[in-house]
Amino acid sequence: MSSVLRIILQRLGLGVLTLFIVSIVIFIAVNLLPGDFAQLILGQGATPEAVEAIRKDLGLDQGLVPRYFQWLGGVLVGDLGNSFAQANFASFAGTNTATTATTVAAQIAPRFANTMFLAGVTAAIAVPFSLILGILAALYRNSVFDRVANVFTLSSISSPEFFLAYILILFLAVMNPLLPSLSNIYDGMAFGERLTRTLLPALTLTLAVTAQMMRMTRAAIINLLASPYIEMARLKGLSPMRVIVTHALPNALAPIITVIALNLAYLITGVVVVEVVFVYPGIGQLFVDSVKIRDIPVVQACCLIFAAAYILLNLTADVLSILSNPRLRHPK
Amino acid sequence: MTLLYIALAIVACVGLGWVFRLVGQQLTGNAPYFRDMGLGSAFGFALGAVVLLWVVVTYYRGMTAEGQDANKYFFFLVAVHGLVAFSVLAYFFRILGTQIGSEGSKKLFRNMPLTASFGIVIIMAYAFVSLFAGQISVTTIVIVGVIGLVLAEIVRAGGDDDAAKGIGVAFGVAIAIMVVMYFVGPLAPYGQEEVLAKANVVPGGNPAMGGDPEFPLGTDQIGRDILSRLIYGAQNTVGIAFATTVLSFLIGGSLGLLAATLGGWLDQVVSRAVDVLMAIPALIFALLLMTIASAWAGSEKWLLTVFMVIIIAVIDSTRVFRLSRAVGLNIVVMDYIEAAKLRGEGLAYLIFREILPNATAPLLAEFGLRFCFVFLTIASLSFLGVGIQPPLADWGTMVKDLAQFINFAAFAPQVAAAPLLAAGAIALLTVAVNFVVDWMLHKSSGLKE
């Protein structure tokens with residue numbers, strides 16, 4: 001058991017290291033901006049004095065390395081800096097009104113919760129759906145059902161998210177008004193109402209991630225069907241469904257779990273476009289808005305959060321595949 | 001309420017399946033096929049039959065409905081007609097392929113699934129539209145002709161007469177099409193930036209519905225012809241995505257093969273750098289870098305597009321690097337590479353004459369997949385407003401600009417057609433490429449189960 005623990009700790013350490021390097025990459029990328037933040041905020045008509053004042057306010061007069069560690073230290077204690085859009089620089093305005101300034105953390109926190117809710121609803125629909133579809137496709141392999149499911153999922157995975165989203169809006173919100181086409185969620189909303197408004201974006205994301213999970217489930221099960229122990233189970237006279245669910249599926253779990261975790265990681269990217277389509281108040285929408293107005297601290301923070309979630313899910317996939325595979329658990 | 005109906009429908013289908021199986025058993029005298037049929041399969045048959053019946057009934061009602069009622073069936077009818085038309089086209093294309101061409105290509109077409117044939121037809125149509133969206137110039141024709149001549153001569157000098165003849169025929173056909181298209185003129189009726197007198201013309205070309213026969217797909221909010229912009233969009237979106245994929249293969253492929261051949265510190269450095277870049281989700285990283293690029297580009301819109309091509313090519317080349325390195329590593333250990341090294345061949349010879357020819361098949365399949373990915377990333381960026389910049393016509397931007405018309409589809413379905421056509425054009429191409437790649441992978445992997 002100790003060797004498993006060591007491998008997992010090793011992976012965790014690697015994950016933290018990757019995250020650290022990624023934070024450096026993001027920081028350097030942001031510092032590639034022409035001029036610096038101060039000029040960016042004030043625009044072209046800035047006086048040198050104002051630029052100097054803001055530079056001092058933001059600590060831009062220090063070198064790159066101290067600033068990086070200052071930023072990193074802030075991130076570690078949950079302080080992501082001030083958003084430019086809501087920035088209220090004391091020295092620039094002349095009076096100190098810092099109490100009204102919004103921090104990036106305060107802006108991100110509620111939206112992060114919303115995004116997690118959307119991802120959670122999507123996962124709750126997509127994972128069982130694609131597992132069942134995959135098992136059925138393996139059971140009725142090479143039948144009409146298998147081919148139709150194959151073409152359907154391949155088409156849905158290769159369409160852009162916004163196409164799927166608008167098709168769903170057209171059929172489920174406009175032509176047949178079953179679900180709301182805008183997901184304007186606010187605090188203190190009843191859970192049922194919230195769920196109804198999240199359903200359409202969640203369905204869109206489900207269509208986008210189902211294909212790979214379903215195909216992996218099918219392939220992993222079919223791979224095992226030639227094994228002698230499956231032959232044995234068949235010869236015992238078990239029903240095909242039972243052979244697949246109780247004999248083949250447990251051994252096919254490792255690749256399936258990995259692909260589920262990877263697809264949840266993919267959700268993080270997909271969520272950006274879908275949130276914009278449905279005006280869902282999540283972190284992805286905030287990210288895109290900040291990119292458009294070049295609100296650097298918010299972009300930086302969102303990027304870090306997305307990367308962290310991505311790395312975490314990949315790490316989970318790694319650890320789970322080790323745990324579910326005895327050959328990896330006891331490496332020679 | 002809706003859930004109740006769905007549950008009832010499922011129960012009804014199970015019942016129907018049970019009856020179907022029972023009737024089958026009775027009529028065929030308990031034939032093994034019906035005797036061993038599970039209830040699940042029976043349910044599947046019943047469900048399929050019900051869905052088919054629903055499609056036929058809805059189609060019939062759509063064809064016979066009048067006035068406001070017909071609106072509800074508009075998109076359904078378009079979808080059915082489109083699907084049937086493309087399937088028929090793909091079917092005849094496959095028949096054509098089995099009749100014309102060399103023995104090898106005929107065999108290829110005979111074993112081709114309908115989806116792959118469909119994909120090839122679509123890809124050819126897109127290539128045609130994107131090449132001839134605008135007026136083709138004489139210079140282009142001459143350049144293509146010269147390239148063809150040079151290529152054929154190089155191959156002939158290499159001693160392969162058959163291949164040279166093939167290249168000659170291919171370029172000859174291409175030039176013949178180009179000359180015809182030179183006299184036919186541009187496919188797009190108007191320019192992509194041309195602002196016409198009428199704005200907000202409804203698609204359909206029916207004056208009673210607010211359309212105009214001169215603009216079959218209508219005009220947008222500032223009076224640009226949507227059909228022309230769709231056609232030019234093929235040139236811009238597909239062309240830029242293609243250029244980006246080629247660039248990313250040049251970067252990733254050459255670095256990957258170099259890393260595989262040389263190994264050592266170069267391999268280590270590049271591989272670790274790629275690991276870090278791949279730890280950030282591609283679209284997120286692209287958006288971050290586009291923020292910075294937009295600050296550098298300032299008001300130079302075309303510069304931003306160039307930056308976008310470079311950024312996406314670099315991000316995407318990390319994936320290409322992984323694959324080409326893996327493929328290269330498998331080839332480098334072969335005996336003939338060892339023999340070439342002992343002959344004292346240089347690095348360029350090793351990579352271009354020994355490794356590259358053996359890595360072509362997996363890299364080609366990967367090219368299709370990467371193209372889809374790049375194409376979707378660019379479309380997403382444009383949809384979010386930071387990709388291909390106006391005045392260039394582009395499908396992602398068109399979807400973003402026209403999207404609000406979808407909300408009026410209940411009253412006049414035609415107005416929603418424009419944004420859906422742009423989004424559908426993106427989807428259709430990626431689906432087509434995926435079908436072809438899927439078939440190629442299936443064929444090369446030799447999976448039969």
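**View 1. A:Val279 counts as partly exposed, with 14 C-beta neighbours inside 10 Å.** A residue is buried if 20 or more other C-beta atoms, placed from the backbone, lie within 10 Å of its own, exposed if 12 or fewer, and partly exposed in between. A:Val279 lies in the loop between helix H11 (240-278) and helix H12 (283-293) of chain A. Its phi is positive, about 50°, although the residue is not a glycine. Most residues other than glycine have a negative phi. Helices are DSSP runs of H or I with at least four residues, strands are runs of E with at least two, and both are numbered from the N terminus.

The model is predicted: local features need pLDDT of at least 70, side-chain atom pairs count only at pLDDT 80 or more, and totals for chains, interfaces and linings use all residues. Residues are numbered from 1 along each chain as its sequence is written, and chains are lettered from A and ligands numbered from 1 in the order in which they are written.

**View 2. A:Asn142 sits in the loop between H6 and helix H7 (144-158) of chain A.** A:Asn142 is not a glycine, yet has a positive phi of about 60°. The residue is exposed, with 11 other C-beta atoms within 10 Å.

**View 3. A:Met241 belongs to helix H11 of chain A.** It counts as partly exposed, having 13 C-beta neighbours inside 10 Å. A:Met241 and A:Ile185 are 56 residues apart along the chain, and their C-alpha atoms are separated by 42 Å.

**View 4. Helix H6 (residues 104-139) and helix H9 (residues 191-224) of chain A cross at roughly 35°.** Their axes come within 6 Å; axes are lines fitted to C-alpha atoms, for helices over the stretch in contact, and angles run from 0 to 180 degrees between N-to-C directions. The crossing of H6(A) and H9(A) is right-handed, that is, the near helix is turned clockwise from the far one by less than a right angle. The residues of this contact divide into 20 nonpolar, seven polar and one charged. Ala, Val, Leu, Ile, Met, Phe, Trp, Tyr, Cys and Pro count as nonpolar, Asp, Glu, Lys and Arg as charged, and the others, Gly among them, as polar.

**View 5. Helix H9 of chain B (residues 226-262) bends by about 30° at B:Gly233.** The bend is the angle between axes fitted to the seven residues ending there and the seven starting there. H9(B) has 37 residues and reaches 52 Å from its first C-alpha to its last, close to the 54 Å expected at 1.5 Å a residue; the expected span is 1.5 Å times one less than the number of residues. Because 26 of the 37 residues are buried, H9(B) is largely enclosed by the rest of the structure. B:Gly263 follows the helix, with a positive phi near 65°.

**View 6. Chain B meets chain A through 49 residues of chain B and 43 of chain A.** Residues are in contact if their C-beta atoms, placed from the backbone, lie within 7 Å. On the chain B side, the elements giving two or more residues are helices H3 (39-64), H4 (67-99), H11 (282-297), H14 (347-383) and H16 (417-445). H11(B) gives the most, with twelve residues. The chain B side divides into 34 nonpolar, twelve polar and three charged residues.

Notes: Contact = placed C-beta atoms within 7 Å.
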